[in-house]
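I opened my notebook for a look at this one, with the sequence and the structure side by side. Here is what I looked up.

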Amino acid sequence: MKLFILCFLFGNELEDIRVCIDLETAIKFLEKYKKSHQVLEYNVTEGITDVSPLFSYYYKEGLVVKHSL
């Protein structure tokens with residue numbers, strides 16, 4: 001299972017988070033708030049998220065960028 005955490009940033013500080021269970025919903029939020037947000041994709045094993053995210057999604061120059069972590 002995958003879990004997607006939408007990070008709301010204010011400058012370099014985390015202001016708020018939202019949790020999504022599917023990438024489509026997370027990307028919709030990302031498109032709405034392009035400049036100060038990113039989505040982190042986590043693997044979930046036995047109900048617990050892995051320590052580190054698998055990927056980060058963010059906007060750069062009008063495109064969604066997927067970055068492997």
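Which residue caps the N-terminal end of α1? I found that D22 does, with a side-chain oxygen 3.3 Å from the backbone nitrogen of E24. A reminder to myself: this is a predicted model.

**Helix α1.** I stayed with the helix, which covers residues 23–32, and looked up burial. A26, I27 and L30 are buried. Viewed down the axis of α1, the buried residues fall within an arc of 95°, so they line one face of the helix. On the other side I noted E24, K28 and K32 as exposed.

**What the buried face meets.** Next I asked which strands the buried residues of α1 pack against. My list has β1 (2–10), β2 (13–20), β3 (37–45), β5 (55–60) and β6 (63–68).

**H37.** Is this histidine buried or exposed? H37 lies in strand β3. Its relative accessible area is 8%, under the 20% cut-off, so I wrote H37 down as buried. Leaving aside neighbours within four places in sequence, I found H37 in contact with L6, C7, F8, L30 and Y58. L30 was already in my notes as one of the buried residues of α1.

**Rings.** I searched the whole structure for aromatic pairs and came back with zero. I did log a charge over a ring: K66 lies over the face of F55, at 4.0 Å from the ring centre.

Technical notes
Residues are numbered from 1 along each chain as its sequence is written. This is a predicted model: local features need pLDDT of at least 70, side-chain atom pairs count only at pLDDT 80 or more; totals for chains, interfaces and linings use all residues. Side-chain values use heavy atoms; hydrogens and water are left out. Buried means under 20% relative accessible area, exposed over 50%, partly exposed in between (1.4 Å probe, protein chains only). Helices (H or I, at least four residues) and strands (E, at least two) are DSSP runs, numbered from the N terminus. The arc is that of the directions from the helix axis to the C-beta atoms. Contact means heavy atoms within 4.5 Å. A polar contact is a pair of N or O atoms within 3.5 Å; within protein, one must be able to donate a hydrogen and the other to accept it, and residues adjacent in sequence count only if both atoms are side-chain atoms. Rings of Phe, Tyr and Trp (its six-membered ring) pair if their centres lie within 6.5 Å; planes under 30 degrees apart count as stacked, over 60 as edge-to-face and the rest as tilted. A charge sits over a ring if NZ of Lys or CZ of Arg is within 6 Å of the ring centre and within 35 degrees of the ring normal.
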